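Please look over the following protein model, and then work through the questions and answers below.

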Amino acid sequence: MQQTTRIAPSILSADFATLGAEIAAVTAAGADLIHVDVMDGHFVPNITIGPMVVKALRKHSALPFDVHLMISPVDPYLAAFAEAGADVISLHPEAGPHLHRSLQEIRRLGKKAGVVLNPATPASLVAPVIGDVDLILVMSVNPGFGGQAFIDSQLVKIAALRAMIDSSGRRIDLEVDGGINPATARLAVAAGADMLVAGTAVFKDGPAGYAANIAALRGG
Ligand code: DX5
Ligand code: ZN
């Protein structure tokens, strides 16, 4: 497994009653980013947190906040998440009518812009905006919940995106989200991913297990 694989624990699987301490704990345990899943009960069938919580959490870790927006409409909330302390803001193309404009807006706000592909969304959708993204996030589950099983058909898409990124010559992170455990992490990295989101696999044993769980995802 590549040494460069970065791990982004998803706080969706953390103890919501003590999120600040949970973020501090995964930071100390070797996480590379903090993945924040924002759900609205409309774009996806679950509701989580908004910009006020992101802002409150900001002081508990110096790591970049990787904010995954599963909300529609999405444009009216980009500035609020930027101001709350997001470093990377990713959105689904299905969440609004003007993907290019939304990505431009994230960059105008001084943040890294990400596009997220659902399991049924093709890799080719990224081609027209390859110059406008800093990160491509492949969903290996249908968004909405942690603890789902990795969808193997996404490996072909990860490989296609790796080829697309390499031929673009641009520095673009390729992240995979959903059902990541040590076995599926290996598959995703072999297909070309360089960033992995993991909720259950990081948080399952409580804070004493975080460092070992993160290391296991890196293949160590
Ligand atoms: C799903 C979220 C994921 C989720 C991953 O909609 O985007 O980030 O928390 O959870 P696990 O790792 O448990 O599949
Ligand atoms: Zn996510």
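Q: Which strand do five bridges join to β7, and do the two run parallel or antiparallel?
A: The model is predicted, so local features need pLDDT of at least 70 and side-chain atom pairs count only at pLDDT 80 or more, while totals for chains, interfaces and linings use all residues; side-chain values use heavy atoms, with hydrogens and water left out. Residues are numbered from 1 along each chain as its sequence is written, and chains are lettered from A and ligands numbered from 1 in the order in which they are written. Strands here are DSSP runs of E with at least two residues, numbered from the N terminus, and two of them pair if DSSP finds at least two bridges between them. Ile-136 stands opposite Leu-174 in β7, and the strand joined to β7 by five bridges, running parallel, is β6 (residues 135-139).

Q: How many of the five residues of β7 are buried?
A: Buried means under 20% relative accessible area, computed with a 1.4 Å probe and protein chains only. Asp-173, Glu-175 and Asp-177 on one side of β7 are buried, as are Leu-174 and Val-176 on the other. β7 is therefore largely enclosed by the rest of the structure, the number of its buried residues being five of five.

Q: Which protein residues are the donors of the zinc ion (ligand 2)?
A: Donors are N, O and S atoms within 2.8 Å of the metal (3.2 Å for Na, K and Ca), and as water is not among the atoms, sites may look incomplete. The protein donors lie 2.0 to 2.3 Å from the zinc ion, and they are His-35 (NE2), Asp-37 (OD), His-68 (ND1) and Asp-177 (OD). Of these, Asp-37 in strand β2 (residues 34-39) and Asp-177 in strand β7 (residues 173-177) link distant parts of the chain, being 140 residues apart, and both are buried.

Q: What is the geometry of the site of the zinc ion (ligand 2)?
A: Six donors count as octahedral if opposite donors are over 155 degrees apart and all others between 65 and 115. Ideal angles for six octahedral donors are 90 or 180 degrees. With angles of 68 to 168° among its six donor atoms, the site of the zinc ion (ligand 2) is octahedral.

Q: Over how many bridges do β2 and β3 pair?
A: His-35 stands opposite Asp-66 in β3, and six of the six residues of β3 (residues 65-70) are buried. β2 and β3 pair in the parallel sense, and the number of bridges is six.

How values were computed. Four donors count as tetrahedral if all angles lie between 85 and 135 degrees; four count as square planar and six as octahedral if opposite donors are over 155 degrees apart and all others between 65 and 115; anything else is irregular. Helices (H or I, at least four residues) and strands (E, at least two) are DSSP runs, numbered from the N terminus. Buried means under 20% relative accessible area, exposed over 50%, partly exposed in between (1.4 Å probe, protein chains only).
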